[in-house]
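Here is a guided walk through one structure, written to be read with the model open beside you. Shall we begin with the charged side chains and then move on to helices and strands?

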Amino acid sequence: MRDLQALTRPNIWNLKPYSSARNEYSGHVAQVFLDANENPYNAPLNRYPDPLQTELKAEIARRKQVLAEQIFLGNGSDEAIDLVYRCFTNPGEDNVVAIEPTYGMYRVCADINDVEYRPVLLDHDFQLSADRLLAAADNYTKVMWICSPNNPTGNSMNRKEIVRLLESFDGIVVIDEAYGDFSAERSFRLDLNKYPKVIVLNTFSKAWGCAAIRLGMAFADKGIIDLFNKVKYPYNVNLLTQREAFSILQRYEQIDEWVDVLLKERSRFIQEFARLTCCDKVFPTDANFFLARVTDAPAIYSYLVGQGIIVRNRHRVSLCADCLRITIGTKEEDDALLDALRNYQ
């Protein structure tokens with residue numbers, strides 16, 4: 001079995017990270033800051049933010065039931081996705097395996113980093129097969145990508161199959177739980193000590209209602225988090241984002257209320273959507289959206305755009321012919337879409 005050092009790019013393992021001014025005096029109390037060439041005026045925006053987001057991570061750790069040292073915070077989950085490639089894959093040599101269809105940034109980051117991307121089709125119920133994913137891997141496969149609940153399909157992946165991957169594959173397994181707050185499934189972040197080579201992604205963008213602040217979370221063993229912190233840019237999460245994230249964490253009960261409201265609205269919305277004459281099928285979902293097969297996705301998408309209603313046309317995505325992905329909005333927003341489609345000819 002490959003250990004973490006064997007999986008890591010040698011130059012990254014041996015990298016001496018940039019030491020910012022704010023890192024060097026860590027552990028001491030200071031009042032006078034003459035180290036970072038900052039402007040002494042316009043506090044607090046004149047100062048560089050905490051490069052390791054210490055206060056914010058402590059609060060997230062308390063809420064998410066993990067250790068602060070098991071948390072990486074980045075500019076959206078996309079930063080963590082890119083860091084997986086930069087830390088663990090050698091360009092032009094290694095490869096990754098992923099379920100298909102799934103979130104498009106896994107492939108985009110593979111292309112940016114010149115890493116072979118091996119998609120493995122889900123079955124017609126949009127479920128993965130551990131055997132098929134493992135069969136697609138070879139000695140140069142460093143990472144497997146699993147999105148659960150999956151995007152654009154909305155369903156959670158079979159937990160037993162994921163566990164089988166975690167126990168059989170000796171590389172990094174990334175489980176993207178961006179929509180996990182809407183699912184009843186137990187988060188894999190609670191099993192970090194059991195699976196030291198798993199990385200679990202989560203985000204402030206979905207259930208937390210903070211897409212605008214661009215804050216993503218990665219939960220993993222401390223060894224992996226230390227690698228991410230080596231490679232990330234020194235001040236990757238700005239002060240305004242850190243403050244807003246800390247503020248929303250103080251309203252954790254409200255997040256639960258939002259999720260509850262959205263889940264109830266999801267049930268109502270799907271029932272009404274399934275009755276539309278243009279709807280052929282609504283697929284099961286554990287997310288804050290659903291995938292529906294309709295009579296003519298491109299035409300219906302264009303019609304809705306003309307009505308000022310924007311959904312996601314997934315017609316050209318594998319296994320998703322004539323499918324639209326539709327986010328759960330407010331009752332008023334959802335009713336506007338339903339009314340528009342009832343008048344669709």
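## Salt bridges

The count comes to 21 salt bridges, where a salt bridge is a side-chain nitrogen of Lys or Arg within 4 Å of a carboxyl oxygen of Asp or Glu. This is a predicted model, in which local features need pLDDT of at least 70 and side-chain atom pairs count only at pLDDT 80 or more, while totals for chains, interfaces and linings use all residues. Residues are numbered from 1 along each chain as its sequence is written, and side-chain values use heavy atoms, with hydrogens and water left out.

One of the pairs to look up is Glu38 with Arg47, whose closest N and O atoms are 2.7 Å apart. Glu38 is buried at 15% relative accessibility, and Arg47 is partly exposed at 27%. In these terms, buried means under 20% relative accessible area, exposed means over 50%, and partly exposed lies in between (1.4 Å probe, protein chains only). Glu59 and Arg62 also meet in a salt bridge, at 2.8 Å from N to O. These two sit 3 residues apart in helix α4 (residues 54–64), so about one helical turn separates Glu59 from Arg62. Helices (H or I, at least four residues) and strands (E, at least two) are DSSP runs, numbered from the N terminus. Glu59 is buried at 9% relative accessibility, whereas Arg62 is exposed at 52%.

A further salt bridge joins Glu116 to Arg118, with 3.0 Å between the closest N and O atoms; Glu116 is partly exposed at 43% relative accessibility. Elsewhere, salt bridges link Arg159, Glu185, Arg186 and Asp191 into a network.

## Helix α8

Which residues of helix α8 (residues 159–168) are buried? They are Ile162, Leu165 and Leu166. Viewed down the axis of α8, the buried residues fall within an arc of 100 degrees, so they line one face of the helix; the arc is that of the directions from the helix axis to the C-beta atoms. Lys160 and Glu167 are exposed on the other side of α8. At the start of this helix, a side-chain oxygen of Asn158 comes to within 2.9 Å of the backbone nitrogen of Lys160.

The buried residues of α8 pack against α7 (130–136), β4 (141–147), β5 (172–176) and β6 (198–203). Take Leu166 as an example: Leu166 is buried at 13% relative accessibility. Leaving aside neighbours within four places in sequence, Leu166 is in contact with Val173, Ile175, Phe188, Tyr195 and Val198, contact meaning heavy atoms within 4.5 Å.

## Thr141 in strand β4

Thr141 belongs to strand β4 and is buried, with a relative accessible area of 0%. What does its side chain meet in a polar contact of 2.6 Å? The partner is the side chain of Asn95. A polar contact is a pair of N or O atoms within 3.5 Å; within protein, one must be able to donate a hydrogen and the other to accept it, and residues adjacent in sequence count only if both atoms are side-chain atoms. Beyond neighbours within four places in sequence, the contacts of Thr141 include Arg2, Val96, Val97, Arg118, Ala136 and Phe169.

## Strands and sheets

Strand β1 (residues 71–75) has 4 of its 5 residues buried, so the rest of the structure largely encloses this strand. Strands β1 and β7 (residues 215–220) run antiparallel and are joined by 5 bridges, with Gly74 having Gly216 in β7 as its bridge partner. Two strands pair if DSSP finds at least two bridges between them.

Another set of 4 strands forms an open sheet in the order β8-β9-β11-β10, with antiparallel pairing. Its edge strands are β8 (279–282) and β10 (312–313), each of which pairs on one side only. Between β10 and β11 there are 2 bridges, and Arg312 has Arg325 in β11 as its bridge partner.

## Helix α13

Helix α13 (residues 331–342) has 12 residues and reaches 16 Å from its first C-alpha to its last, close to the 16 Å expected at 1.5 Å a residue. That expected span is 1.5 Å times one less than the number of residues. Buried residues in α13 are Asp334, Leu337, Leu338, Ala340 and Leu341. They fall within an arc of 160 degrees seen down the axis of α13, so they line one face of the helix. Their cover includes α11 (252–274), α12 (297–306) and β11 (323–327).
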